[in-house]
Amino acid sequence: MKDLNYMSVAEEAMRKIKRGAFLTVKAGDALNTMTIGWATIGFIWQKPIFMAAVRDSRYTFEIIEKAGDFTVTIPSDDMKK
């Protein structure tokens, strides 16, 4: 995985996110998918990160707090076909 050019993948992902991306989270029986309105990709402490902003007033935030993880889906360009 170290051979992967993280920033070129990140640039492509951010281009696609501008057209729409989703965050899905599940904790117990609670399941929610939301559109991502704010996101950033970069490095913190020399580790690649993806950050999506979720307001604490959102139902999704409540589930994220209970869940161990979540999924980010960035649709590919050819999904329109």
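I began at phenylalanine 50, which I located in strand S4; helices (H or I, at least four residues) and strands (E, at least two) are DSSP runs, numbered from the N terminus. I note that the model is predicted, that local features need pLDDT of at least 70, that side-chain atom pairs count only at pLDDT 80 or more, and that totals for chains, interfaces and linings use all residues. Residues are numbered from 1 along each chain as its sequence is written, and side-chain values use heavy atoms, with hydrogens and water left out.

**Entry 1: phenylalanine 50**

I looked up the exposure of phenylalanine 50 and found 30% relative accessibility, hence partly exposed. The classes are buried at under 20% relative accessible area, exposed at over 50%, and partly exposed in between (1.4 Å probe, protein chains only). Setting aside residues up to four places away in sequence, I listed Tyr6, Ile17, Ile36, Ala39, Thr40, Ile41 and Val72 as touching phenylalanine 50; contact means heavy atoms within 4.5 Å. With threonine 40 I read a C-alpha to C-alpha separation of 6.0 Å, at 10 residues apart in sequence.

**Entry 2: the chain as a whole**

I counted two helices and five strands in the protein chain, and their order along the sequence is α-β-β-β-β-α-β. The protein chain has 81 residues, of which 22% count as buried. I recorded an accessible surface of about 6500 Å², with 54% of it belonging to carbon and sulfur atoms. These areas come from the Shrake-Rupley method with a 1.4 Å probe, and for residues only the protein chains shown count as cover. Of the contacts between residues at least 6 apart in sequence, 60% join residues at least 24 apart.

**Entry 3: the nonpolar core**

I then turned to the largest nonpolar core, which has 11 residues: Ile17, Ala21, Leu23, Val25, Ala27, Met34, Ile36, Ala52, Val54, Ile63 and Ala67. Strand S1 (residues 22-27) contributes the most to this core, with three residues. Such a core is a set of buried Ala, Val, Leu, Ile, Met, Phe, Trp, Tyr and Cys residues joined through side-chain atoms within 4.5 Å. For valine 25, beyond its neighbours within four places in sequence, I listed contacts with Ala30, Leu31, Asn32, Thr60, Ile63, Ile64, Ala67, Asp69 and Phe70.

**Entry 4: helix H2**

I found threonine 60 in helix H2 (residues 59-66), and at 1% relative accessibility threonine 60 counts as buried. Outside four places in sequence, threonine 60 is in contact with Leu23, Val25, Asn32, Met34 and Val54.

I searched for salt bridges (a side-chain nitrogen of Lys or Arg within 4 Å of a carboxyl oxygen of Asp or Glu) and the count came to one. Its partners are glutamate 62 and lysine 66, at 3.5 Å, N to O. Both residues lie in helix H2, four residues apart, about one turn of the helix. Glutamate 62 is partly exposed at 41% relative accessibility, while lysine 66 is exposed at 61%.

**Entry 5: the loop between S3 and S4**

Most residues other than glycine have a negative phi. Tryptophan 45, in the loop between strand S3 (39-44) and strand S4 (47-52), has a positive phi near 50°. I read a relative accessible area of 81% for tryptophan 45, which makes this residue exposed. Glutamine 46 lies in that loop between S3 and S4 and has a positive phi of about 65° although not a glycine. Glutamine 46 is exposed, with a relative accessible area of 77%.
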